[in-house]
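Colleague: I have just opened this one and would like a walk through it. Could you take me through the parts one at a time?

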Amino acid sequence: MRTGTQQVLPQQLTDDFDAVVLAGGAEQPRDLPVPGRSLKGVHFALEFLTAQNRVVVGEKLPDQILAKDRHVVVIGGGDTGSDCVGTSNRHGAKSVTQFELLPQPPLAENKTLTWPYWPVRLRTSTSHEEGCERDWSITTKSFRDDGKGNVRALVGARVEWQKDPVTGQSKMVEVPDSEFEIPADLVLLAMGFVSPVGSVLDAFAVDKDARANAQALTEEGRERPAYATSRPKIFAAGDMRRGQSLVVWAIREGRQCARAVDEFLMGSSELPR
């Protein structure tokens, strides 16, 4: 961890400061543990996108992941997946296919049904418009190699989402005889993020919840203040505490955490919630 040019260790932070707030993002990408995952050519989306950003600002990366003349498959239908599609097109990919595990959203959102959450509807970005095959309700079963340790194909299948009559939860069921194989010599995993980088929380030795986020309550409890972690003087807010979420949640938790720290240090606070 660095401040300016000087490296600062977590223990030094807790010793030198009256309070420390952990507010980093949920940077641990969701993986896809299927046969063939370790083949060359299967990458997390940010490995691909971050390198491209560095090249755009003038860096030279001899080992940059390139999509030129390759069959690219993007797994994940969100904004990160869309960025992978656009970048692959600009690299000169031979083909670009984007798969999403969930069903295709409706063309128009049901605002009454989704409010106050982000409306669910089909979103087509400018990257998609540049050229891309898109498909929904697709699960990836495995990757196949070319005999030299490189990925050459993706094996997938169609799925249906069925509601459990007892629990009401949706369950994924593979459609019989729907398995297929498509060429893929570059696979980009863009399936979201699950938690903060574990080494950061480990460095501060804070307790984690079941989803590997920093464990901290939003309301003051008997044992510690709101947003306080298991370690004295260390607070957590935003994605670091709740996992991948929207920026509006990060703003809200940042404000509330600031108030909690102010109360912790001063005994009371006039900061807004």
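This is a predicted model: local features need pLDDT of at least 70, side-chain atom pairs count only at pLDDT 80 or more; totals for chains, interfaces and linings use all residues.

Colleague: Which residue does aspartate 31 form a salt bridge with?

Modeller: The partner of aspartate 31 is arginine 37, and the closest N and O atoms of the two are 2.7 Å apart.

Colleague: And is arginine 37 buried or exposed?

Modeller: Arginine 37 is buried, because its relative accessible area is 18%, and the cut-off for buried is under 20%.

Colleague: How many salt bridges does a search of the whole structure find?

Modeller: The search finds 12 salt bridges. One of them joins the side chains of aspartate 135 and arginine 158, at 2.5 Å from N to O. Aspartate 135 lies in strand 8 and arginine 158 in strand 10, residues 151-163, so this pair ties together parts that are 23 residues apart in sequence. Aspartate 135 counts as partly exposed at 22% relative accessibility, and arginine 158 is also partly exposed, at 37%.

Colleague: What about glutamate 181, which side chain does it meet?

Modeller: Glutamate 181 meets arginine 152 in a salt bridge, at 3.2 Å from N to O. This pair links distant parts of the chain, with glutamate 181 in strand 12 (residues 180-183) and arginine 152 in strand 10, 29 residues apart.

Colleague: Changing topic, in what order do the strands of the open sheet come?

Modeller: The open sheet has 5 strands in the order 5-13-6-7-8, and their pairing is parallel. Strand 5 (42-44) and strand 8 (133-136) are the edge strands, each pairing on one side only. On average, neighbouring strands of this sheet are turned by 20 degrees against each other, with direction ignored.

Colleague: How many bridges join strand 6 to strand 13?

Modeller: There are 4 bridges between strand 6 (residues 71-75) and strand 13 (residues 186-189), and the two run parallel. Within this pairing, valine 72 stands opposite leucine 186 in strand 13.

Colleague: Which strands does helix 3 touch?

Modeller: Helix 3, residues 79-91, packs on the sheet and touches strand 6, strand 7 (95-100) and strand 13, while its direction makes about 175 degrees with that of strand 7. Helix 2, residues 45-56, lies across strand 5 and strand 13, and it runs at about 70 degrees to strand 5.

Definitions and conventions
Residues are numbered from 1 along each chain as its sequence is written. Side-chain values use heavy atoms; hydrogens and water are left out. Two strands pair if DSSP finds at least two bridges between them. Axes are lines fitted to C-alpha atoms, for helices over the stretch in contact, and angles run from 0 to 180 degrees between N-to-C directions. Contact means heavy atoms within 4.5 Å. A salt bridge is a side-chain nitrogen of Lys or Arg within 4 Å of a carboxyl oxygen of Asp or Glu. Buried means under 20% relative accessible area, exposed over 50%, partly exposed in between (1.4 Å probe, protein chains only).
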